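Dear colleague,

Please find the structure below, handed over for your study.

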Amino acid sequence: MRKLFVCLAAVMLCVVLAAGASAAGVTLRTFTPFADMDFSAQSYMDLITSWETETGNVVEDFSGLQDEAYMEQLRTMIDSGEADIVIVPAGLGLSGLVPVEELLAAAPDCGARRFPSIADGTPIRLNWEALYVNKDVLDANGLSVPQTFDELVAVCAALSQKGILPVANALCEWSEIVLDCAAFLGAPEQQYGQAASLDGAKNVLTTLTQVGAFGSDPWNMEDLDAEAAFLSGQAAMRFDAYSLAQTIPAERHASTLVIQPSGKDGQPRTAIVGTPSFVLSMTQSCFDDPARREAALSLFKTLNVHAADFSTHATGSLGESIARLTTSAANCTGLLYDMNADGFDSWSESVIASLMSIQSGAMQ
């Protein structure tokens, strides 16, 4: 049974889910952002309902838009010991939450992941950047999905020679994502964001430009046109963020992948380019209560097992590849602009100018 009621004079829905619960079950109170138009809302509700049925426990869910009233109620319920499990923006700095190390020590199989870049929980949704691939375009040209940087260069060269756009990205605007991904490929992973990776990004993009990876004139292309070329299946690949997955037509999910090739040094990348979006945590009051703790660890593990469902609505190969990308990551790298805010603009302009010179020389 599901009941909806208005809370705190803000238009926030609090959902009480009690399907299949027995009188002996434990009641847990949860806070999440999976409500309203969030694509994960239905998946989350289905998961909670299933867990209730399996365990006989009850979830009082306070999912809603994370406005000021919502956050005030969240803090109040954590401070009063009423909240049990929360999914909140990374870096929020809430007190009263159990450190990931403590959770793992108590329940090694709870599914928690310790990201060095996250201090207040285990990642449940990430903002990532990676290489999207239209596998059907590669298949039609007898090419395999590139797993290494050298393979990426070879695939781009082969497609360019056939007159097919290898990588659909405009380099005159919105080039930050391309630069981030190139920097992650261009130097050892631990040097991402440092001078070596900035030089590495330039080297990676130079190599790709020399084989025609971005087409004949990516400097005068609007990125909306480049995106449309990828979405329609005219182009083979595109560097982009997690949000692009939400716009890919359902009929192309089966033939689209998201990958992170090994770097120019030949080593696979264990982290993911991007930043944490939301983290999953258990409150200290819940952890210290033996009755609530056992049930909460069960729900915590269930949410972690299904973490990929909260990162994308995509199905088929697209959904599966996003799940692999996000669940196998050992950390988030951050973004170049955040690490080099003072000099990022001048550096990126110099890189683009250098690439334009290379392209101009190749056409003469």
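Is tyrosine 337 buried, partly exposed or exposed? Tyrosine 337 counts as partly exposed because its relative accessibility is 41%; buried means under 20% relative accessible area, exposed over 50%, and partly exposed in between, with a 1.4 Å probe and protein chains only.

Please note that this is a predicted model, in which local features need pLDDT of at least 70 and side-chain atom pairs count only at pLDDT 80 or more, while totals for chains, interfaces and linings use all residues. Residues are numbered from 1 along each chain as its sequence is written, and side-chain values use heavy atoms, with hydrogens and water left out.

Aromatic rings

A pair of aromatic rings is described by the distance of the centres and the angle of the planes. Rings of Phe, Tyr and Trp (its six-membered ring) pair if their centres lie within 6.5 Å; planes under 30 degrees apart count as stacked, over 60 as edge-to-face and the rest as tilted. The structure holds 10 aromatic pairs. One of them joins tyrosine 337 to phenylalanine 344, edge-to-face, with 5.5 Å from centre to centre and 80 degrees between the planes. Phenylalanine 344 has 2% relative accessibility and therefore counts as buried. Phenylalanine 184 and tyrosine 192 are also an edge-to-face pair, because their ring centres are 5.5 Å apart and their planes stand at 90 degrees. Both phenylalanine 184 and tyrosine 192 are buried.

Arginine 238

Arginine 238 counts as buried because its relative accessibility is 2%. A polar atom of its side chain lies 2.7 Å from the backbone oxygen of alanine 168. Leaving aside residues up to four places away in sequence, arginine 238 touches several residues, among them Ala130, Asp223, Glu227 and Phe230 (contact means heavy atoms within 4.5 Å).

Cavities

A search of the whole structure finds two cavities of 30 Å³ or more. On a 1 Å grid over the protein atoms alone, a cavity is a set of points where a 1.4 Å probe fits but cannot get out, and lining residues have an atom within 4 Å of a point. A volume is the space filled by probe spheres set on the points. The largest cavity has about 70 Å³, and its lining includes Ala130, Phe184 and Phe239. The second largest cavity holds about 50 Å³, and Arg113, Pro123 and Thr327 are among the residues that line it.

Key
A polar contact is a pair of N or O atoms within 3.5 Å; within protein, one must be able to donate a hydrogen and the other to accept it, and residues adjacent in sequence count only if both atoms are side-chain atoms. On a 1 Å grid over the protein atoms alone, a cavity is a set of points where a 1.4 Å probe fits but cannot get out, and a pocket is an open set with protein on both sides within 12 Å along at least five of seven lines; lining residues have an atom within 4 Å of a point.
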